[in-house]
Amino acid sequence: MRRRKSDSQTFLALPAPARAYVAAVVAAGAGCLVAAAMQLHLEHAGLFVTLLGLAVAASATKIELPLGRSQSNLSLSHAVNFWALFALGPAPAACIAAVSAWAQCTLRAGERNPPHRVVFSIASLTATVSIAGLPLGVIMGADASSVAALARAAAVVSPLYFFVNTALVAAAIALSTRQPVARIWHRNFLWSAPSYLAGAALAAVATAASERGWFGWLALLAIPLYLVFRSYHTVVARLREEQDETLRAMEVQLATIEALALAIEAKAGCTPEHIRSIQEYASTLAEAIGLSDSDVQAVRTAALLHDVGNMAVPEHILSKPEALTPEEFERVKIHPRVGAEILRNVPFGAPVAELVLCHHERWDGLGYPAGLRGKDIPVGARILAIADCYSTLQIDRPYRPARSAGAAVALLREYAGTAFDPDLVELLIAQLGMTVPRPRDVPGESAWADNEPLALQDIAGAHREEQTLYEIAQALGSSLGVEGAMALIHDKVSRLVPFTTCALFLGDDNEGYVCRYAHGPGTEALFKWTPKSWSDLSLRLPACADGRDAHGGDLTALLPCPLIFEGHLIGGLVIYHTIAGCFTDEHRRVLGRVSDQAAAVIYNSTRFEQTQHESHTDPLTALPNRRALDQQFEIGLARAADTQTSASVVVLDLDRLKEINDTYGHEAGDRALRAVGAVLESTVRKSDLCARFAGDEFIVVLWDCSPEHEARRVAEVQNAVSAYPFEPRPGVRVSLSISAGPARFPEDGSTFEDLLAAADERMYRDKAGRRSRNSNRHALVQGERA
């Protein structure tokens, strides 16, 4: 049996006792191998080579043993080692065992084993074979090939081989995982004893058969050997399936616990890295004082869940940047008891709930919830308090900036002997590579009185508020406009604050305020009301002819909350009720938190709506631009295809724009474009689409338009442009004209590109015809004379 895997990935990561033990076994194995090499005399070279090949083959064909945190593997190479002991003696057998151990660690290993594991496996097996071979000379006597001698040898050597081999490996596993050796050996190795006994018996038979030349019978020994191997393989496969199912269940449990803990800590502004750092510092301390693996795991679990009781503390208290009031601090102090009650019935297999309950106790007895003192506090809770403080000091909190590692160590030193166990503080600092004077020990005793917290009620009250505010924050973070944001706020806030009407006013004291949103009785009057100042808005109730509820009650109470973005007042969120004096300071606090969340969203929503309008509007003509044209045309074309109606795309081009720019300047050209845009907007039907395409080009889309109607509409547009009294400069009039080219859907194309190409070609034909009838110079001269 070979050790294959453990938690520690490097030799230096092993605990100091494990490193010393591995070094001792390696030294002993090296000595045995050197002694065997010096005594090696190959009188039966053929048998030696044959057994060496069988040992390598058997080692490569191994069964992985699922032993939990430390895994090993089992092969039938021990049967070959027994055969070599009986047939060749201890020295050749030790050499064969060393090679087979190397093969078992490297061939078909699945993953590369660290060098110290390979060397340990070779050394332990070499030492095992050497020790098992010591009594052979006495047991077998002069006639070593006799059946009786071989039977005696198998009866004595096999249990000796088994105990030495498994004890060496079990001790290595126990020292590296800090578990009792007897438990490891009994749980993971005792069951394999029959395979060693069977292997020794088969080796004895094989030795007798080979000595007598019964090679045919020798081949038959492979059958029971194979059956033994297959039976173990089947049993191990079933064990592995059960273990995998157990591991999956544990992983789900741990993942659920971690997700819950991280979600709770995220509410307090903590990051996953912070929680994991607490775990690492806590486990470092726990390992340093020699706690068992199960206790170390309990400390790690408690570090993950130590603030689970914060679910009963409102987030605004946890995130408050100023000092807490006495009432707020009393609320915070319930979280250890709430967390312990939540975890009390979870079968962790270790006192995790007790560690969570006591992690805010102080060494001097001034902590909470029970005021335990000194060593009455569980050692895991003392470890957790130090690790939590050291890690938390190094991250930003709402009430203070992060401190450096040196400053955190200085604070631990300052409070060692008062808040923290001084020996543990000294040990953590030593683990961090620092040295400080040993603080004064302050012993003491106290009794713990267990007060049952009403955990479910505490959590329900905080959860109702936090969940609602979380939903508001989450939804406001999406792409909502002002209307959508206010509808959401109206719906969510009604769970926390009773009101009849909700309104949003935008503006400031300079420009006054307008009602942008209102829902409930009195909305008509609110939309008409234009308060001039915030005091007017926050103190007055508008005269509302429709401001009555379902029972005819007037709006008699209001609760205003200002919307402040980047230090500027941008409006206010106001709720009204028909019951006078119904709003409390708690209602004001909750609505204030909503306003804080909504201010940036409402400001960004108004900016977004303005930007969206600008992004779809041509800034010169105020007509839809190319982006708006593409979006609206795609929707309209799909509708026309579905309804099997027609559409006309008309490309319009302002004639002689370059001449106007060259003669009168670009400002005159811009005014000409604005004039054409105004004419088109007043001439084209509201149901049709008119947009500035690019430069001096415009596009008009006529939906459901016959060819006759199309020609008439194009002529009306051209005549309206020609009739426009455009003056590029005072006293100078220039006749404007546009060239037009229509294309019809679906006759001229089924896509915008096809229709645009056809319309563009016809527009240029129209422009060429106009030029042939009236030259540019003639048009400008006529304009100057006018």
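Here are some questions and answers about this predicted model.

User: How are residues numbered, and what limits apply to this model?
Analyst: Residues are numbered from 1 along each chain as its sequence is written, and side-chain values use heavy atoms, with hydrogens and water left out. In this predicted model, totals for chains, interfaces and linings use all residues, local features need pLDDT of at least 70, and side-chain atom pairs count only at pLDDT 80 or more.

User: Which residues have the most contacts inside the largest nonpolar core?
Analyst: A nonpolar core is a set of buried Ala, Val, Leu, Ile, Met, Phe, Trp, Tyr and Cys residues joined through side-chain atoms within 4.5 Å. Buried means under 20% relative accessible area (1.4 Å probe, protein chains only). The largest such core has 47 residues, and those with the most contacts inside it are F82, L85 and F86.

User: Which residues does F82 touch, leaving aside its neighbours within four places in sequence?
Analyst: Contact here means heavy atoms within 4.5 Å. On that basis, F82 meets V157, S158, Y161, Y196, G199, A200 and A203.

User: Are α5 and α7 roughly parallel or roughly antiparallel?
Analyst: Helices are DSSP runs (H or I, at least four residues), numbered from the N terminus. With axes fitted to C-alpha atoms over the stretch in contact, and angles running from 0 to 180 degrees between N-to-C directions, α5 and α7 come within 9 Å and cross at roughly 155 degrees. Angles over 145 degrees count as roughly antiparallel, so α5 and α7 are roughly antiparallel.

User: What share of the protein chain's residues is buried?
Analyst: The protein chain has 786 residues. Buried ones make up 49%.

Key
Buried means under 20% relative accessible area, exposed over 50%, partly exposed in between (1.4 Å probe, protein chains only). Helices (H or I, at least four residues) and strands (E, at least two) are DSSP runs, numbered from the N terminus. Angles under 35 degrees count as roughly parallel, over 145 as roughly antiparallel, 65 to 115 as roughly perpendicular and the rest as oblique.
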